[in-house]
Amino acid sequence: MNWVVTGCRGQLGHALVALLEREGVPVRAADLEVDIADPAALAEFLAVSPRPQVVANAAAFTHVDRCEREPEAAARANHEGPAVLAKACREIGARLVHVSTDYVFPGDGSEPYAETDPTGPRSTYGRTKLAGEQVVQQTCEDALVVRTSWVFGRGRNFLAAILAQAASRRSGEAEGPLKVVDDQIGRPTYAVDLALGLYRLVEAEARGLYHLSSAGRASWWDLARFCLDEGGYPDLVVERIRTGDLELPAERPAWSVLDCSKAETLGIRMRPWQEAVRAYLHSEDSPLAKTTGGNP
Ligand SMILES: NC(=O)c1ccc[n+]([C@@H]2O[C@H](COP(=O)([O-])OP(=O)(O)OC[C@H]3O[C@@H](n4cnc5c(N)ncnc54)[C@H](OP(=O)(O)O)[C@@H]3O)[C@@H](O)[C@H]2O)c1
């Protein structure tokens, strides 16, 4: 099967392209040079022979706070782009694999969110992502839409930011304890494992909506503490704070735990997030390579 991957320089896109190449699957990939919301640019990209049988959309505007300040850019990448992509896939008969987010939920629950649970996004990011997944499902009835959460991989992410802050304290560039919120609970997810899960869902010919995240749950504080312990900063103090202390532009769901049992019925279960963090810290994409000059 021929694949196309959009958003290929993002965390997931990079991992997906690397996986497909390792598997010997023919893949063509693009990032911002093919704006998924531009029908002409997209049609030209998809028209190249051989036509793709699977189009995986890893492109998105994922800067959650910037989405509040730039709602048009958010809508373009997260809603209009998937709409254009879905129409193009329908026209060429390609299977669309689209990725969405836990932020489509209101976050006031206490049980893991299943695919059938009512949505209710509280941020521009969440609303535009929900509109994107809905238009994909309305346009391509055989599309696979996968919601995931708290992604880390090659590039910009929470773990890389925490390790950079830790390094700046060790070097003396910054001082004072790190402060991390402890009142948001979710499922951290390694982009490499997510890419494999998506690939296996496609192999299993899964259609419709699925949740896919690493196993277990954590607060951002738990994730930061674990990453610092594993990454060579066990003595660094991390203060627990509350989301409200940060006064961020975008509201975050307090409870963001996805129920992934539907994917598990197909035999697709991701490893616990702690194992995934260890694997990330030992990988060639590890932020430790930048902050300490080497892997742990
Ligand atoms: N990151 C998370 O914690 C998280 C959590 C839940 C769900 N997700 C979802 O998982 C998927 C992958 O996320 P990720 O973390 O891999 O994202 P990412 O690292 O931000 O990568 C997304 C890529 O898409 C590019 N892009 C933005 N607008 C585009 C457009 N109109 N056309 C083509 N490319 C465009 C981005 O470029 P720029 O970087 O220049 O904008 C970036 O290279 C997304 O659907 C996201 O919503 C992510």
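**Close-ups of a ligand site and a domain interface**

Twelve nonpolar, eight polar and six charged residues make up the shell around the ligand. Everything in these views comes from a predicted model.

**View 1. The shell around the ligand, residue by residue and element by element.** There are 26 residues around the ligand, and the ones that come nearest are Leu12, Thr62, Tyr125, Lys129 and Val151. As for secondary structure, at least two shell residues come from each of helix H1 (11–23), strand S4 (95–101) and helix H5 (124–139). The top contributor here is S4, which puts three residues into the shell.

**View 2. Polar atoms of Asp35, Thr62 and Ala60 facing ligand N and O atoms.** Start with Thr62: one of its polar side-chain atoms sits 2.6 Å from an oxygen atom of the ligand. Asp35 also uses its side chain, with a polar atom 2.9 Å from a ligand nitrogen. Ala60 takes part through its backbone instead, where a polar atom is 3.4 Å from an oxygen atom of the ligand. Taken on its own, the ligand has 900 Å² of accessible area, and the protein covers 84% of that.

**View 3. Where domain 1 meets domain 2.** Two stretches of the chain, 3–152 and 188–211, form domain 1, while domain 2 takes in 158–185, 217–256 and 272–291. Their C-alpha centres are 26 Å apart. Across the boundary, 22 residues of domain 1 touch 24 residues of domain 2. Together the two domains bury about 1900 Å² between them, with 65% of it coming from carbon and sulfur atoms.

**View 4. Trp150 and its backbone.** Trp150 is found in the loop that runs from strand S5 (144–148) to strand S6 (151–152). Its phi is positive, at about 45°, even though Trp150 is no glycine. For context, most residues other than glycine have a negative phi.

**View 5. The cis peptide bond between Ser49 and Pro50.** What is omega for the bond that joins Ser49 and Pro50? The value is about -5°, and the bond is cis. Most peptide bonds are trans. Pro50 belongs to the loop connecting helix H2 (39–47) with strand S3 (54–57).

Technical notes:
Residues numbered from 1 in each chain as written. Predicted model: local features only at pLDDT ≥ 70, side-chain atom pairs only at ≥ 80, totals over all residues. Heavy atoms only, no water. Near = heavy atom within 4 Å. Polar contact = N/O pair within 3.5 Å; in protein donor to acceptor, adjacent residues only side chain to side chain. Areas by Shrake-Rupley, 256 points an atom, 1.4 Å probe, with all protein chains shown as cover. Helix = DSSP H or I, 4+ residues; strand = E, 2+ residues; numbered from the N terminus. Nonpolar A, V, L, I, M, F, W, Y, C, P; charged D, E, K, R; others polar. Domains from an automatic or database assignment. Contact = heavy atoms within 4.5 Å. Buried area = accessible area lost by both parts, 1.4 Å probe.
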